[in-house]
Amino acid sequence: MVIVPEFKRPRGHMQDCIFCKIVKHEVPATIVYEDADVVAFLDIMPARKGHLLIAPKTHSKDMLSVSPEALAKVMRVVQRCGRGVQKGLSADGFNVLQFNGRASGQIVDHLHFHVIPRAHNDGLRIDWEHEIYGPGEIKRFAEKIITACADEKT
Ligand code: 5GP
Ligand code: ZN
């Protein structure tokens, strides 16, 4: 076994991962659900109070690197937490958000889903400007994605 000294580890290495530390109870977090594979805890900087993060216990950077089996386990807990915020916080609804890569807004490189409780007219904006497809463009986008998806193993 090769032990890489702390100063030689690449930045963002899983040994420095804050969510791995939460999984191992090495840093405090307000955990609302935990099983053998998944943990759910309150986001320290919530979009709305009760905002949850749901993460696999085994480190994966994002949706592309996690196994389908581990992802399925996480999604079960996302659903459970959605029910939890609706019922427990009397939310009118909730958003599920997830980010892959810096361009998308991912900050913590350990796969996680946000569950954000919503109330009618709560003022939280999840908003974007709409783009417009040119003639035939929607089909060309679809074809590229269909071809790429056909190469996928799962
Ligand atoms: P994302 O990577 O999805 O863009 O955002 C990461 C989320 O993790 C942010 O909403 C941020 O507030 C939350 N976060 C970052 N560090 C910690 C932490 O140490 N504890 C908790 N509970 N949440 C964190
Ligand atoms: Zn991690």
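Guide: Happy to! The lining of the largest pocket is made up of 16 nonpolar residues, six polar and one charged. Here Ala, Val, Leu, Ile, Met, Phe, Trp, Tyr, Cys and Pro count as nonpolar, Asp, Glu, Lys and Arg as charged, and the others, Gly among them, as polar. This is a predicted model, in which local features need pLDDT of at least 70 and side-chain atom pairs count only at pLDDT 80 or more, while totals for chains, interfaces and linings use all residues. Residues are numbered from 1 along each chain as its sequence is written, chains are lettered from A and ligands numbered from 1 in the order in which they are written, and side-chain values use heavy atoms, with hydrogens and water left out.

Of the 23 lining residues, Phe19, Asp43, Met45, Leu53 and Val108 lie nearest the centre of the pocket. A pocket is found on a 1 Å grid over the protein atoms alone, as an open set of points where a 1.4 Å probe fits, with protein on both sides within 12 Å along at least five of seven lines; lining residues have an atom within 4 Å of a point. The space in this one comes to about 540 Å³, a volume being what is filled by probe spheres set on the points, which are joined across faces, edges and corners.

Which elements contribute? α1 (18-23), β2 (38-42) and β5 (113-118) each supply at least two residues of the lining, and α1 gives the most, with three. Helices (H or I, at least four residues) and strands (E, at least two) are DSSP runs, numbered from the N terminus.

Next come the polar contacts, pairs of N or O atoms within 3.5 Å. An N or O atom in the side chain of Asp43 is 2.4 Å from an oxygen atom of ligand 1, and a polar side-chain atom of His112 lies 2.5 Å from an oxygen atom of the ligand. The backbone takes part too, with a polar atom of Ile44 3.5 Å from a nitrogen atom of ligand 1. The protein covers 86% of the 520 Å² of accessible area that ligand 1 has on its own, by the Shrake-Rupley method with a 1.4 Å probe.

Terms used:
A polar contact is a pair of N or O atoms within 3.5 Å; within protein, one must be able to donate a hydrogen and the other to accept it, and residues adjacent in sequence count only if both atoms are side-chain atoms.
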